[in-house]
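These are my notebook entries on one model.

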Amino acid sequence: PLYVFKPAKSDNDYVAYFTAAVDLNQDGSDEFVIEASYRNGTAFKVISPVNGRYGEIYTSYYRGQ
């Protein structure tokens with residue numbers, strides 16, 4: 001199990017929180033799920049190893065407050 005502490009809202013314009021590491025596509029390598037918090041909303045990004053390098057493979061829609 002993975003526990004990540006998420007502090008109270010920040011005054012920064014952009015803050016990223018590591019949310020989870022899970023093998024979403026069952027290829028033996030974990031993908032990272034990142035919460036990208038902007039001043040007025042949030043998006044989630046999935047980062048995965050592709051050809052030996054990590055890259056963004058998915059970004060959720062931007063959900064405003």
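I began with Tyr54, whose relative accessibility is 52%; this residue therefore counts as exposed, since the cut-off is over 50%. I note that the model is a predicted one.

I then searched the whole structure for aromatic pairs and found 2. In one of them, the ring centres of Phe32 and Tyr54 are 5.2 Å apart and the planes stand at 20 degrees, so I recorded this pair as stacked. Phe32 belongs to strand 2 (residues 31-38) and Tyr54 to strand 4 (residues 53-59), so the pair ties together parts that are 22 residues apart in sequence. Phe32 is partly exposed, at a relative accessible area of 26%. I also noted that Phe18, Phe32 and Tyr54 make up one aromatic cluster.

Next I looked up the pairing of the strands. Strand 2 and strand 3 run antiparallel and are joined by 7 bridges; a hairpin of 2 residues connects them. Val33 is found opposite Val46 of strand 3.

Strand 3 also pairs with strand 4, again antiparallel, over 6 bridges. Pro49 has Tyr54 of strand 4 as its bridge partner. The hairpin between strand 3 and strand 4 has 2 residues between the strands, and Asn51 in the turn shows a positive phi of about 55 degrees.

Is strand 3 mostly covered or mostly open? I found it mostly covered, with 7 of its 10 residues buried. Val50, in strand 3 (residues 41-50), is partly exposed at 42% relative accessible area. Together with Ile57 and Tyr58, Val50 makes a nonpolar surface patch of about 300 Å².

Technical notes: Residues are numbered from 1 along each chain as its sequence is written. This is a predicted model: local features need pLDDT of at least 70, side-chain atom pairs count only at pLDDT 80 or more; totals for chains, interfaces and linings use all residues. Side-chain values use heavy atoms; hydrogens and water are left out. Patches are made of residues with over 30% relative accessible area and no salt bridge: like charges are joined within 9 Å, nonpolar side chains (Val, Leu, Ile, Met, Phe, Trp, Tyr) within 5 Å. Accessible areas come from the Shrake-Rupley method with a 1.4 Å probe; for residues, only the protein chains shown count as cover. A salt bridge is a side-chain nitrogen of Lys or Arg within 4 Å of a carboxyl oxygen of Asp or Glu. Helices (H or I, at least four residues) and strands (E, at least two) are DSSP runs, numbered from the N terminus. Buried means under 20% relative accessible area, exposed over 50%, partly exposed in between (1.4 Å probe, protein chains only). Rings of Phe, Tyr and Trp (its six-membered ring) pair if their centres lie within 6.5 Å; planes under 30 degrees apart count as stacked, over 60 as edge-to-face and the rest as tilted. Two strands pair if DSSP finds at least two bridges between them.
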